[in-house]
Amino acid sequence: MDVALSVISLARFQFGMTTVFHFLFIPLSIGLGLIVGVMETMYVVKKNELYKHMAQFWGKIFLLSFAVGVVTGIIQEFQFGMNWSEYSRFVGDIFGAPLAIEALVAFFLESTFIGLWMFGWDRFKPGLHVAFIWITTLGSSLSALWILAANSFMQNPVGFLLKNGRAQLVDFPALLKNHQLWLEFPHVMFGSFLTAGFVVAGMSGFALMKKKNVKFFRKSMQIGLIIGLVATFGMLATGDRHSLALETDQPMKFAATEGLMEDSGGKNKSQAWALAGQYDEKNHTSVWEVDVPYVLSLLAHHKLTGFNKGENTVNKELHAKYDKKFGKDMNYYVPTNALFLSFHVMAMAAGVFGMVAVVGLWFSRKKYTDEWLVKQKWLLWVLGVVTFLPFIANTAGWLITELGRYPWVVYGYLTIADAVSPNVSAGSMLFSNILFFVSFATLGAVMVYLSARVLREGPDDLMIDETPVTDPFAEEAFKK
C-alpha cells in the first residue's frame, strides 16, 4: 500500500466530509435569519400576531441550525491544523486578517444579537426587537463574506508575494476586490435564501398534511415559496456570471462541468450541450452523451455560436505553463464524471425549484380554500420532498468549487500533495476520520430529530400565551 497516497486520500476525504457537512447548515442558518426577519417585520408593520408566532416558531429551527453550524465549524478548524499544516503555513499570512475580522466583528454581531433576539421577546419594543434578528442576519452575511474572501484567494490568488515558500499579503484591499469573491458571495447568499425558503415551504407542506394550524402553515408556505422563487432567479443569474468567468479563470473546471473532452464550436459554429453523459477518465474520452443542439452556445456565450476548449487542450496548455514548476508528470485532469454530474444536478435542481415555487404559489392563492388545499396531497408531498433538494444542490455546487481546483489547493501555486501535513500517519488520519464521521452523524441525527419534534408539536404553545386569562388567580396570571 502506498502510505503517502493513503494520507493524502484520507486528508482529502476528511476535508470534503467536514466542509460538506458544515455547509449543510450554514446556508440554512443564514437563509432562516432572513425569513424570520421578514416574518417579524410583517408583525411589526401589520400588528398581526400570526406573524409573531411564525417568527417565533421558525426561529426555533433557525436557532438549531445556527448551533449545529457553529459546532461543525469548530470541528472543521481542527482538521486544518492537524492534516494541512503546510497549507496553513503557506496561506497563514493571507487568511489571518480576514478570519480575524470574521471572528471579531461578524461572529461577534451574530452571537451577541442572536442572544438578545432569543431572550428579548416581550422585554424590548417590537420595533427594537426586530432589529436584533436583522443585525444577526447581517452578521451571518458578513461572516460568509470573509470566509469566502479566503476561499476566493484559493481559487484566484491576488494581493500577495511569494517569499520563503509562503504567501505574504502585500495588498489587503485586493482580497476584497478579488472578482472571484463577487462571483461566489452573491451565489452563496441566494443559495442560502433558496435553501431556507424551500425548507420552510416543505416543512409547512408536511404539517398541512395533518390538517392542524392550517392558516399558520399556509402563510408560512407562501412566504417560503416567494423567497424561494426570488432566490431561484438570483441563483440562475449569479450562476450564469460565475460560469462565464470560469471559461477564463479555470477552463479545466468549466470543460469538465460541460463534459467537453475535445474543443467545441468555433467562430461560426454552434455548440451542443450534453444533457447527460459518461466519460472515460483514464483515456479522457466521451463514452456516451445525449446532446441538445445550440444550448451550450447559448449558455456559454449567450448566442448561437461560440468556442470552448476541451479538457485535452487545456491539459496541454497547463503542462506548457507549469511543467518547469511542477514537473511533466503532474496530472491536471479533474474528476470529470463527478463535476459533470454535480453541475447537472445543480442546474436541474434550479429548474425544479422554479416550477415547484410557481405551482405552489398558484394553488395557495385566496381562490382556493384551506379545506381544498389540505386535500391536495400530491402538492404537499412534492413540497415535502423538495425540502431536501437544496441540500443536495448546495453540496453539488460545493463539490464543483473544490474538486474543480484539482490538483491545487491554491490555484497555480500550492498542490494538494504539498499542502498535507508531513508528519501525520495514515492510522491517525483514519482514526480522526471515523471520529469526525461519528460526530457529524450524531449532530445530524440530533438536528433532524429536534426539527421534526418542533414541527410535530406545532405552534400551539406559542399561541397559548395570547389567550386572555379570565381567572385572575389562575397560575397563568402570575406568569404574565
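**Entry 1. Residue D323**

I began with D323, which counts as partly exposed because its relative accessibility is 22%; I take buried as under 20% relative accessible area, exposed as over 50% and partly exposed as in between, with a 1.4 Å probe and protein chains only. The model is a predicted one, in which local features need pLDDT of at least 70, side-chain atom pairs count only at pLDDT 80 or more, and totals for chains, interfaces and linings use all residues. Residues are numbered from 1 along each chain as its sequence is written, and side-chain values use heavy atoms, with hydrogens and water left out.

I located D323 in helix α10 (residues 311-326). Helices here are DSSP runs of H or I with at least four residues, strands are runs of E with at least two, and both are numbered from the N terminus. Apart from neighbours within four places in sequence, D323 is in contact with L318 and K328, where contact means heavy atoms within 4.5 Å. From D323 to F95 I noted a C-alpha to C-alpha distance of 28 Å, at 228 residues apart in sequence.

I looked up Q14 in helix α1. Q14 is buried, with a relative accessible area of 0%. Not counting residues up to four places away in sequence, Q14 touches Q79, M82, N83, M429, S432, N433 and F436.

I then turned to E77, in helix α2. E77 is exposed, at a relative accessible area of 56%. E77 and I8 are 69 residues apart in sequence, and their C-alpha atoms are 18 Å apart in space.

**Entry 2. Helix α13**

In α13 (residues 377-386) I found L379, L380, L383, G384 and V386 buried. These residues lie on the same side of α13 because they cover an arc of only 165° around the axis, the arc being that of the directions from the helix axis to the C-beta atoms. I recorded that the cover over the buried residues of α13 includes α6 (181-208), α7 (214-249), α11 (336-362), α12 (370-374) and α14 (389-403).

**Entry 4**

I followed strand β1 (residues 160-163) to strand β2 (residues 166-169), with which β1 pairs in the antiparallel sense over four bridges. Two strands count as paired if DSSP finds at least two bridges between them. F160 stands opposite L169 in β2. Two residues lie between the strands of this hairpin, and N164 in the turn has a positive phi of about 55°.

**Entry 3. Pockets and cavity**

I used a 1 Å grid over the protein atoms alone: a cavity is a set of points where a 1.4 Å probe fits but cannot get out, a pocket is an open set with protein on both sides within 12 Å along at least five of seven lines, and lining residues have an atom within 4 Å of a point. Grid points are joined across faces, edges and corners, and a volume is the space filled by probe spheres set on the points.

The largest pocket holds about 1,100 Å³ of space. Of its 35 lining residues, H22, Q76, E77, L99 and I147 are the closest to the centre. Two or more lining residues come from each of α1 (3-46), α2 (49-83), α3 (85-119) and α4 (126-155), and α3 gives the most, with 10 residues.

For the second largest pocket I noted about 880 Å³. It has 37 lining residues, and H187, M235, G239, F343 and M346 lie nearest its centre. At least two lining residues each come from α6, α7, α8 (251-258), α9 (295-301), α11 and α14.

I found one cavity of 30 Å³ or more. The largest cavity is lined by Q250, M252, K253, L318, Y332, G404, Y406, W408 and Y411.

**Entry 4. Backbone exceptions**

Most residues other than glycine have a negative phi, and most peptide bonds are trans. I noted a cis peptide bond between Y406 and P407, with omega about 5°. P407 is in the loop between α14 and β7 (408-410).

K211, which is not a glycine, has a positive phi of about 60°, and I placed K211 in the loop between α6 and α7. H284 has a positive phi near 60° and is likewise a residue other than glycine. I found H284 in the loop between β4 (273-280) and β5 (285-292); H284 is buried, with a relative accessible area of 16%.
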